[in-house]
Amino acid sequence: MKQIILFLIFSFITISLFSQANITENELQDHLRFLTSESNAGRPPGGKINRKIVKYIINDFKHAGIKSYHGKYKQKFYADLRVYEDQPKKDHVKTYNVIGYIEGNDPKLKNEIIVLGAHYDHLGMGGPSSKSDKRNTIHYGADDNASGTAALLEIAEKLVSQKSKLKRSIFFIAFGAEEHGLLGSKHFVNNSVVPISQIKLMINMDMVGRLNDEKHVYMGGAGTFPNGVEIMTILGKGQGLNPIVHAGSVGGSDHVSFYKKDISVIGIHTGGHPQYHTPEDTLDLINLEGQKAVSEYVYQTVLSIAINPDELHFIRQD
Ligand SMILES: [Zn+2]
């Protein structure tokens with residue numbers, strides 16, 4: 001235990017001294033602005049808008065130097081969308097997960113993969129999952145989950161600047177169609193581009209843009225890998241945050257699809273709010289400074305685990 005703490009402190013110091021591709025509030029805001037723009041109309045799965053968002057994510061990966069795995073960033077799948085009960089036919093649309101890749105440097109540990117994920121879709125113009133009586137109004141989903149998507153892009157950029165230190169490999173996955181029943185992550189785990197046994201940890205960010213004054217960052221699943229609760233507590237405090245770390249309470253977003261396949265997971269968020277699943281979940285309510293701190297926290301987490309050669313294995317939580 002003492003060794004882990006020393007390791008974490010050491011990596012925290014060296015890494016803060018040498019990092020270049022910083023996570024900035026400005027860059028987070030640029031991503032949020034694009035994702036929540038009127039023209040993206042609440043990011044519903046399928047069609048032209050979906051393709052435009054996927055293109056944006058791929059371009060950002062390319063720009064940052066994040067490679068594809070085996071030449072393909074896009075993982076296509078078909079999604080049956082949730083419809084109102086009185087609608088006889090389900091909408092069946094083509095949508096995508098977007099996968100970026102950094103290969104680890106250790107000849108053995110590079111075969112172990114850490115997945116960092118966030119869903120990029122939202123409710124479009126509302127639909128049956130909306131909590132608002134305003135139908136046919138854009139549901140911007142700034143917190144849910146433009147925030148996680150923006151964090152994913154920024155963390156990826158910063159991690160690639162530390163590439164030479166990484167022992168394990170990393171997948172960055174922007175999932176499609178989460179709001180329709182975790183469809184993107186379900187598709188991924190059932191059609192994984194690597195044998196699923198190689199995935200040692202999945203960290204998911206869903207709603208990370210509304211850090212409160214007490215700086216509470218909530219997470220479930222930290223007990224699903226060795227020393228997870230301690231690691232998440234130490235690193236959170238190192239960022240000046242107040243992490244509320246649950247060993248179990250795995251939760252309800254894309255990481256659940258991985259947990260069901262006996263993969264260690266952490267689901268991270270900054271808490272619920274009255275604007276959840278309404279048109280009022282907008283950019284002006286995002287705490288950018290807070291989102292930056294949470295992004296740095298997740299960055300430190302992925303980095304520490306990708307560097308630290310300690311054995312990782314799945315621990316079931318009930
Ligand atoms: Zn969400």
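**Close-up views of a sheet and a zinc site**

**View 1. The bridge partner of Gly220 in E8 is Gly267.** The model is predicted: local features need pLDDT of at least 70 and side-chain atom pairs pLDDT 80 or more, while totals for chains, interfaces and linings use all residues. Residues are numbered from 1 along each chain as its sequence is written, and side-chain values use heavy atoms, without hydrogens or water. E6 and E8 pair in the antiparallel sense over 3 bridges (strands pair if DSSP finds at least two bridges between them). Strands (E, at least two residues) and helices (H or I, at least four) are DSSP runs numbered from the N terminus.

**View 2. Strand E8 (residues 264-269) is largely enclosed by the rest of the structure, because 5 of its 6 residues are buried.** Buried means under 20% relative accessible area, exposed over 50%, and partly exposed in between, with a 1.4 Å probe and protein chains only. E8 also pairs with E5, in the parallel sense, over 5 bridges. Here Asn204 has Gly267 of E8 as its bridge partner.

**View 3. Eight strands form an open sheet with mixed pairing, in the order E1-E2-E4-E3-E5-E8-E6-E7.** Strand E1 (74-81) and strand E7 (242-245) are the edges, each pairing on one side only. From one strand to the next, the twist averages 25°. His216 has Asn242 in E7 as its bridge partner.

**View 4. Helices H4 and H5 lie across strands of the sheet.** H4 lies across strand E2 (91-102), E3, strand E4 (169-175) and strand E5 (199-205), and runs at about 145° to E3. Helix H5 (residues 183-190) lies across E1, E2, E4 and E5, at about 130° to E1. Contact means heavy atoms within 4.5 Å; angles run from 0 to 180 degrees between N-to-C directions of lines fitted to C-alpha atoms, for helices over the stretch in contact.

**View 5. The zinc ion has protein donors from His119, Asp144 and Asp206.** Donors are N, O and S atoms within 2.8 Å of the metal (3.2 Å for Na, K and Ca); water is not among the atoms, so sites may look incomplete. The donor residues are spaced H-x24-D-x61-D in sequence. His119 in strand E3 (residues 113-119) and Asp144 in helix H4 (residues 142-160) are 25 residues apart, and the pair links distant parts of the chain. Both His119 and Asp144 are buried.
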